[in-house]
Amino acid sequence: MYKYIINGGYKLHGETFVSGSKNASLPILAATIISGRTTRLYNVPDIEDVKITLEILQKIGCKIKKDKNKIIINSKDACKTTIPDDLMRKLRSSVIIVGAILSRFKEAKFSYPGGCDIGARPIDLHLQNFARIGIKINENSRYIECKCDKIESKIIDLDFPSVGATENIILASILGEHEVIINNAAKEPEIEDLAKFLNKMGAKIYGAGSNIIKIIGVKYLKDVSYKIMPDRIEAGTLLIAGAITNGIIKINDVVPEHISPLLNKLCEAGCEIKTTKNSISLMANKRLNSVDIKTMPYPGFPTDMQPQIATLLALSEGSSIVTESIFENRFKYVDELARMGAKIVVEGNTAIIEGVEKFG
Ligand code: UD1
């Protein structure tokens, strides 16, 4: 088990940069299966989820080389359409590999990815919408098998703008002669990055980043080199680390507009923030004020920043209300904060935080 030992009490001062986005890397790595060509990816973060995804790609038949800061994936000999059970269970987002396998081979077999700490996280929206574009689904208690002769032209209305379901429908719809339109699509920047990558490969995806996405099937894709977008959640986490310690920090290689809801809340709490096109400077030279937060799909406040901002608010002046509206079980960390001296009461999907001056 890994252990972190943190000697607290220091203000953070300095300048740093963020890695490539995890949530953009995972669907882009999956997408490399579709082309049957060579893909060079830059700025892929060196993290466990990426390692598991690469392991799945290898099991499917992709050849992978790592060379300094780039990963080269050749999917010419990819031929397997089953995602191994053990790897599927290790990583929930392995479900988006299904869309990529389906696009290339028109069949895929996989087991349920299972729930996780933050909620049940079903995949009903993925499967429902696969069915809507002509994919036949056979489920039993162990496996799900998906098959189709071709993807059908359809207009899909997503019940909820699920990030994973939007990505999976895009991936499944890349190759063919159809036209698929997704209404109420997720608008997250990582979806825009996936579409940019696929379009560079020769796909025809229009409207990614808005709530209506159109995918026109193409016959083939080509070799491509691509640099993954910066990780907005890592950037936000570093900014909160600066704010919580009353520090002065600068984060480079970020896209400030990707985290504007967080920047607005940090300003409201009393931080001074300056941005350029690709950097954010933050100064927090006094105890911060309480603010209320409600997580929402992009461009709302990201659920992935909810625990970090709640920790900051636990040390701010006054009471704050944090409402989680994406995942049903994302306050599990509160018990640990309470053990350190935070005053937080959770009622359903709401946390009421009474700021304390410092943890015990
Ligand atoms: C992605 C992100 C994750 C982020 C989340 C919400 C990746 C790898 N992960 O996760 O970091 O927290 O978006 O911004 O990109 N749902 C269903 N049925 C489905 C699919 C989703 O009920 O078929 C529900 C989920 O249980 C959850 C909500 O919809 O309550 C949002 O899920 P979704 O947007 O799909 O998140 P992920 O793609 O899993």
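A polar contact is a pair of N or O atoms within 3.5 Å; within protein, one atom must be able to donate a hydrogen and the other to accept it, and residues adjacent in sequence count only if both atoms are side-chain atoms. This is a predicted model, in which local features need pLDDT of at least 70, side-chain atom pairs count only at pLDDT 80 or more, and totals for chains, interfaces and linings use all residues. Residues are numbered from 1 along each chain as its sequence is written, and side-chain values use heavy atoms, with hydrogens and water left out.

**The ligand site**

| Residue | Protein atom | Distance to a ligand oxygen |
|---|---|---|
| G164 | polar backbone atom | 2.8 Å |
| L125 | backbone N or O | 2.7 Å |
| P122 | backbone N or O | 3.3 Å |

Of the 740 Å² of accessible area that the ligand has on its own, the protein covers 86%. Such areas come from the Shrake-Rupley method with a 1.4 Å probe; for residues, only the protein chains shown count as cover. Two elements give two or more residues each to the shell: α5 (124–132) and α6 (163–172). Helix α5 gives the most, with three. Helices here are DSSP runs (H or I, at least four residues), as are strands (E, at least two), numbered from the N terminus.

In total, 19 residues surround the ligand. The closest are D124, L125, S162, D304 and I326. A residue is near a molecule if one of its heavy atoms lies within 4 Å of it. The shell holds seven nonpolar, six polar and six charged residues. Ala, Val, Leu, Ile, Met, Phe, Trp, Tyr, Cys and Pro count as nonpolar; Asp, Glu, Lys and Arg as charged; the others, Gly among them, as polar.

**Helix α1**

Helix α1 spans residues 22–35. Of its 14 residues, 12 are buried, so the helix is largely enclosed by the rest of the structure. Buried means under 20% relative accessible area, exposed over 50%, and partly exposed in between (1.4 Å probe, protein chains only). The buried residues include A24, L29 and S35. At the start of α1, a side-chain oxygen of S21 comes within 3.3 Å of the backbone nitrogen of N23. G36 follows the helix, with a positive phi near 70 degrees.

**Two contrasting residues**

Y2 sits in the segment before β1 (13–17). Y2 is exposed, at 76% relative accessible area. A235 lies in helix α8 (residues 232–244). A235 is buried, at 3%. A235 and H258 are 23 residues apart in sequence, and their C-alpha atoms are 9.8 Å apart.
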